[in-house]
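Dear colleague,

Please find below the structure I promised to hand over, together with its sequence. My findings on the contacts between chains follow it.

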Amino acid sequence: MIGLGHYLILSGILFSIGLVGVLRRKNLLMLFFATEIMLNAVNIAFAAISNHYHDMAGQMFAFFVIAVAASEVAVGLGLLVILYKKYGTLDLDAYTVMRG
Amino acid sequence: MLEPISVSLESLNLITLSPMLIAIVGALLILVIDLFKDTLDKTLYVMLTMLILFIDIGATYSLNINERGFFDLLLADGLSVVSQLIILLASLFFVPLALTASNKRFHEYAYPEYFALFLFMVAGFQFMVSTDNLILIFVGLETASLSLYTLIAMHNTRGAHEAAVKYFTMGALAAGFFLMGSVAIYALTGSVELYEIAKILQSQGADESALMLPMMGGVVLMLVAVGFKVSLFPFHMWTPDVYEGSSAPMAGYMSIVPKLAMVVVAMRIFGIYINLDIEAVSYLIIIIAVITMTLSNMMALVQKDVKRMLAYSSISHAGFVMAALALGTTKANSSIFLYYAMFMVTNLGAFAMLWISQHKKKHFDERYDHPFEKFSGMISVSPMAAVIMGIFMLSLAGVPPFSLFWGKLYLISSVVDFAVATAETKYIVLAILMVLNSAIAAYYYLKLVVYMFLKAPLASDTVVYANQSRPLNVVIGVLAMVTITSIFYVQPLLEFITYLVSSSGY
Amino acid sequence: MVMIAFYFFAVLITLLFLVTVMSKNVLYAMTSLAAGMVLISGLFFILGADFLGAVQLIVYVGAVMALYSFAMMFFDMSKDVKEKNGSAATVFVLGGAIALMLVVVFSAPVIGQGVSSLYPEAAGATNPQAVGLVLFTKYLVPFEVAAVMLLVAMISGIILAGKKMDASLSTTEEEIPEMTQGGEK
Amino acid sequence: MENLVYIALFAPLAGSLFAALFGMSKKNIITGIVTSTLIFISFVASAILFSHVMTVGPVHVRMMDWIMAGDMLIPFGFLVDQISVTMMTVVTLVSTVVHIYSNGYMDHDKSFNRFFSYLSAFVFSMMVLVMSDNFLGLFIGWEGVGVCSWLLIGFWYHKEDVSREVNPSISPSWAANEAFIMNRIADLGMLVGIFILYWNVGSLQYDVVFAALPNLSDGILVAAAVALFIGAMGKSAQFPLHTWLTDAMEGPTPVSALIHAATMVTAGVFLVIRANPLYSMEAVHWVSYFIAALGTFVAVFAASMALVNRDLKRIIAFSTLSQLGYMFAAAGLGAYWIALFHLAAHAFFKALLFLGAGNVMHAMDGELDIFKMGGLKKVMRWTYLYMGVASLALSGIGIAGIGFAGYFSKDAIIEVAFNEHTYVLWTILVLTAGLTAFYSFRQVFLTFHGNERYHALGIHPHEMYGYVLVALSPLAILAVVAGFYKDWFEHFVTKLLPEYHMSEHTHHIAWILGLLVIAFAVGGIVLAYIKYNRGLKRNEKLERSFVYRLLSNQYYIPIFYEKTISKPYAALSRFSWGTVDQKVVDATVDGIGKFIKTTGDTTRKIQTGNLSDYLRWMAGGALLLVAIAFVAFKLSQGAH
C-alpha cells in the first residue's frame, strides 16, 4: 500500500525540482514555469494528506492554490509584457540597475 | 441523495465580515463609476477612497471583540482589530499623497483602477489578519500581494518595473515556502485552523522529540515566508530595491502595512509554539532578528541615497519587532503594535517628505533620486521642511519625546522585563544588543540631519519643493504633529492596545 | 495496482518536470510542464480527489498553459533561450539540500492516527458533492476572496499589458493629452 | 506658584527657540534683547520662588506621567526646594548678566543669533538639571548642558587646528570634542549609577530613592555612590578628567563665564549635594573621604598650574578648578551647606572675573597673554575695579566677620577640614589659599599695573560699552556683600541639608585659624605686589627650571593623554583602516563608525541587484534557518 509518506516525499522532491528551476533560470518566463512546479508539488501533498485524514481541508487548500496560481500567471505575464516592451529582453540579468 | 443543509443567518455573524466587505464594495463602486463616466477628476477618487477607508475604520472600531463568524472562519479578536486600525489609518494617510501639485500627477494616478486595486489590497490585508485559518490567510495574502505588485509597477518607471518583477518573483518563491510550511503543519496535525492546531499540539505533548522534526520543519518553512514579507535577513534582499524603485509614498506604505499584517500572522502561528514553551522557536526567531537588525544597520550606514537608507532602516526596525515577537508576553505583543503605530506616523512622514522632493526629470545622478547631497543646506532653503524632516529623523532615531522613542522604550523594556522574569542573561544580552543597534541607527539618521543643517546649500533650490501642494502639506503637517505630540496620547493608546491584545489571549 | 500507478506517475512527473527545469527550449519546457500537470491530475484521481483532478486539468492545462503559449508567441521565443547560469553547483547544492530537508521532515512520523477529521467527507456523498458542501459553507469567504483575487489579477493584467503604460507620466513633465482623462479601456 | 515654576523653567526655552528661528540669518539685535528679557523673567520667577520657599516651603509639581503601564512608572516632575531654588536663582542671575554682556561682546560676530539660541538652550538644560525631582530628569538636563557646552565651545568651529606649542588647546572644535568625549566617559559612570539605583529601588524619584537607601546592601550603596561620583568628576572636571576645562576656554568668553565657571561645572558638586543622603551613609564614608581628598588635591594641583600660566582666561579656569576642589572637599567632609554656599558665592565673583577678562580681551583685540599687557588701569577703570574686587573675593580677604564673599565661604571650608581632624587636608587647603591669592594678584598686577607692554603690539585698548559695565554691577555688589548672608543662608538651607556644627574646640580657636588663612592670603598678595607691580621682569633661569616647565605644561598631562591615548589610538586606526576608501568616510562619521561602515560595505556587496542571486540567498536562507534551528534546538536542550 502506498502510504502518506510516499506522497509527501514525492511532493518534496518535486518542490525541490521547482526550486532548482527557480534558482537556475535566468529567463523569467522559464522561471515562472518553475514556480508552477512548486505549487503543483504542494498540491499533491495537500491532496494526499486530505486523503489520509479523510478531511476536506487539504483539498480546499489545493483548490485555492490552483486559483492563486492562475492569478499569479495573469499578473506575472502582465509584468513580463511591460518589461519586454521596455527592455526588449526577459533575461533577468538585464534588470540590475538597483543594487548595493 | 444528500440532505439539503440550512444555515441560519445569525450563525454567520455577518458583522465580522463588514470591514472587508466595505473595502471590497468600495473598490467595486470605484470600478463601476469609472465604467459609467471616465472623465472624472482623480481628486474624486481620492476623496471616495478616503471616505471608504473612513467608514471602514468605523466598522472595524465597532466590532465586538473575540467574536467568530462564517463558520468560525473569521475571527475578530483584539489583534485583528488593532492591526486593522493601524492598517486603515496608514492607508488613510497614504491615499491623499496622490494629490501632488496639479499638472504634476504621476502615472499611477491616471488610473481610477489604482484606487480600486488599493482598496482590494487593503481588504486582502484585513482578511489576512482577521482569521486563523491558513487557507484564508494565504488567499488574503495573495490578493493583497498581487494588487501590491501591480500598484508598484503602475508607477511606470524603469525602476518600478524592475522593482515589481523582483518583488513578484521572490514573492512567488515565498508563497511556495508558505505552502510547504502549511503542508508540514497540516501533515502533523490534520488541521489548517490555528486554534485547532494549538489544541492538538497541546494534547499530543509538544516535548515528544519525534514530533520535533516535522514541527521545526514547518516553523522554518513558515519563517522563510514571514521573513520575506517582514524583510528579515537574508530574505530582505528585495526591500531596498523595491523601495527605491517604487514611488516614495508606496515605499513608506510598504514599510508598515504588509509587514504589520504578516507580523500578526506570525504572532498567531509562532505564538502557538512559544506558548507551548518550545524554546527552540524563540531562539530561532531571536537569532534571525538580531542578525537582521545588525546587518541592515551596517548596510544603511553606507548608503548614499536617503530612500535606500530608509529602506535598510525599516529592515532593522523589522528585526526589532521580531525580537519582541519571540517573547510571546502580552507586554511584548502590545509593544509591537505600539511600535508600529508610532513607526507609521514617523516613517510615512519621512517618505512623504521624500515624495515632495521627487522630481520627474531632474535626477541628482544617473542612479539616485534622493541622495544625501540633495538635502544639504536645506535649513536655509526651506527651514520648515528641514525642521520637519529633522524631527522625523530624530523620531526614527528614538530621541525623546518624539513618537518612536516610546515605541522603542516600551519594546526594549518588555525585553528587559522578560529577562528579569526569566532571570536569563541571554535576554539581557538581547536588550543590550537592541540598545546598541538603536545607537548605531542614530548615526545614519543624524547623518541626514547633519546634511540638512550644517552643510552648504546647493546652487539650485527648486528641487526641494517639486511636488508640494496643499493636501501634501496638510498630510505632512498632521503626521509631524502626531509625531511631536506623542507624549500626550501614548499612554491611553498603550492602554487601548494592551486591552485589545490581552483580551484575545496574546 | 495503486502502487504501480503511483510509481508510474511519480517517475514520469519527476522526469517531465526535470525536462521543464533543464531544457533550453521554451516549447519543450512548456510541453513537458503541461504533460506533468496532466499526470498530476492522475495522482489526484488516485487519491480520490476527483473534483481537484478536474479543476487541475481545466485550470492548468486549459487556462494557464494557454496563457503561457500566448506569452511565448508574444515574446517570440521559439528559438532556444540563452542563459548564463553561472554556478550550477550552488544551485544544485541548494536544491538538493532543501530536498533532503523536506524528505527528512516528511519521512518522520506524523501525529496522524489520533486526530479525528474536522470536516470529514459527508457520508455517501461523491467527492464533488463533498467539495461543494464544504466550499459553500466553511470556505465560502475564501471562495469569495478568491473571486476578488481573480478580479484583481484580471485588472492587473489588463493595466500592465495595456497601451497606456507605453509612455510614462512619471518621467515626463507634460501631461500626455489622451491620458489625462480616462483614456482607452 | 506652579505657574511660576513653569515660567522659570520654560522662559529660557522660549528664548532659545525664538533665537533659533533666526539662527541662520543676519545679526538681529532683537534676538539678544528678547532672550535676555526672557532670562530675566526667569530670574524674577526664581527670586519669587526663593522667597516662597523661604516663607512657605518647597514646591513640588508633577508635570505628567511619562509612561505608566505595567510596572514601569516614570513620573516627571519638578521640585523647587532649598537646594534647587538656590541653584535656580544663582543660575538665572548669572545668566541674565551674561546675556546682557553678550549683547555687547558678540556685537561683531556674524553668528550672533545662533549664539543666543545656544546660550538660552543651555540655561534651559541647566534649569531642567537642577529642578528635576528625579535622576532621569537630572540626567536629561545633564546631557543637555553637555551638548550645549559642546556647541558653545566649538562655536568658532571654523578655526583651523594648530599645533600644541602655539595653542595648547589646538582649536575650538578640538576642544569641544575633547570636552564632549571626556564628559561622555564620565556620563557612562553616572548612567550606571542611575541604573544601579533604579534596578534596586525601582524608582528614580529622589524622595523614593533616598527613603529606600537604608534597605540597600553596602555593596550597592558604594557602587552607586562611586558611579554617580564618576559622573560628577566629568562635569566638574576633577582629576584626571580635568584637561577639558582649560581647553574649553576656546569658547567665547561669556560662555566661559556662564558655563565653565558659574553653572555647569558646578553640576557635579550639585549632584553630590543633592544626593547627600547617599553620601552621608555610613557604608560609603570612605567614598566621601575620597571625594574630599580628591577635591583637596585638585585645589592645590590646579592652583600650582595657575602660578605660571600666561593666558588670562586659563588662569581663571585653573582657579575655577581649584575652587571646585574646595567645594568637593566640603561636600566630601559632610558640610554640604557650606559647599552650596561656596558654590553660590563663587558663581558671582568668578563670573565677574571672567566677564572682566572678556572686557580686557575685547580691548586687547583678542590677545590673552598677560605678559603682553600691563598698565591697563588707566584706560579701563571700571574693569580694573571689578576684577580687583573679584580677585579680593577669590582670595578670601576679610577679617573679624567683615570681608568679601570668598572670605566667608572658603574660610568655612578650611575650618571644616580642621574640625574633621583631617589635618593634612587642612594644611594643603591653607597653603592653597596663599597660592590662590598669589596667582590672582599676579594676574591683576600684570594686567593692570606696570609698564604698558601692549604698545609694542600696536593695540589701542578701550573700555567696554557702558551698559555692559552697568550690567556687571550686580555681580560686583554680590561679590562684596554675599558673605554677610552666611548665617541667614545657613538657616535657610539647613532645613533640608544636614546641619554642620564645629566642635567646641574648633570654635574656640576659629579666630586663630582665620587669621592664619588671612595671613597666607595677604602674604600671597604682597608677594605678587613685590614681584609684579612695577612691571614684568622675566627670570630666564626660573623659566628654564624643571618645576616651572612642569607647571606651565600642566604636569605634561595633556601631552601624556595625547601620547598614550589619542596618538596610539589614531595610529592603530590608521594602521587598520589605511586601505579603506576615504571617500565613503564622511567628515561627521568617523571613529567607531569606520568599523561599522566597513562591515556595511562588505555586507552591501551581497546586494548585487541580480534577482537570481536574491532567490538563491532566499533558498540559502532557508538552509541557514535550518542550521540555526538546529543550534537553537541544542541550546534549548542545553537549558534544561
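In this predicted model, the contact between chain A and chain C takes 67 residues from chain A and 84 residues from chain C. The two chains bury about 6800 Å² between them, and 75% of that area lies on carbon and sulfur atoms. On the side of chain A, the residues that lose the most area to chain C are A:Arg24, A:Phe33 and A:Met56, which together account for 10% of what that side buries.

One salt bridge is found across the interface of chain A and chain C: the side chains of A:Lys85 and C:Asp166 meet at 3.2 Å, N to O. The same interface has 16 residue pairs in polar contact. Helices H1 (4-24), H2 (28-53) and H3 (57-87) of chain A each supply at least two residues to the side that touches chain C, and H3(A) gives the most, with 24 residues. By class, that side of chain A has 45 nonpolar, 13 polar and nine charged residues.

Turning to chain C and chain B, the contact takes 51 residues from chain C and 67 residues from chain B. Here about 5000 Å² is buried between the two chains, 72% of it on carbon and sulfur atoms. One salt bridge is found across this interface, in which the side chains of C:Lys138 and B:Glu193 meet at 2.8 Å, N to O. Residue pairs in polar contact number eight between chain C and chain B. Among the helices of chain C that each supply at least two residues to the side touching chain B are H4 (88-107) and H6 (140-161); the largest share, 13 residues, comes from H6(C).

With kind regards

Key. Residues are numbered from 1 along each chain as its sequence is written. Chains are lettered from A and ligands numbered from 1 in the order in which they are written. This is a predicted model: local features need pLDDT of at least 70, side-chain atom pairs count only at pLDDT 80 or more; totals for chains, interfaces and linings use all residues. Side-chain values use heavy atoms; hydrogens and water are left out. Contact means heavy atoms within 4.5 Å. Buried area is the accessible area (1.4 Å probe) that two parts lose on being put together, summed over both. A salt bridge is a side-chain nitrogen of Lys or Arg within 4 Å of a carboxyl oxygen of Asp or Glu. A polar contact is a pair of N or O atoms within 3.5 Å; within protein, one must be able to donate a hydrogen and the other to accept it, and residues adjacent in sequence count only if both atoms are side-chain atoms. Helices (H or I, at least four residues) and strands (E, at least two) are DSSP runs, numbered from the N terminus. Ala, Val, Leu, Ile, Met, Phe, Trp, Tyr, Cys and Pro count as nonpolar, Asp, Glu, Lys and Arg as charged, and the others, Gly among them, as polar.
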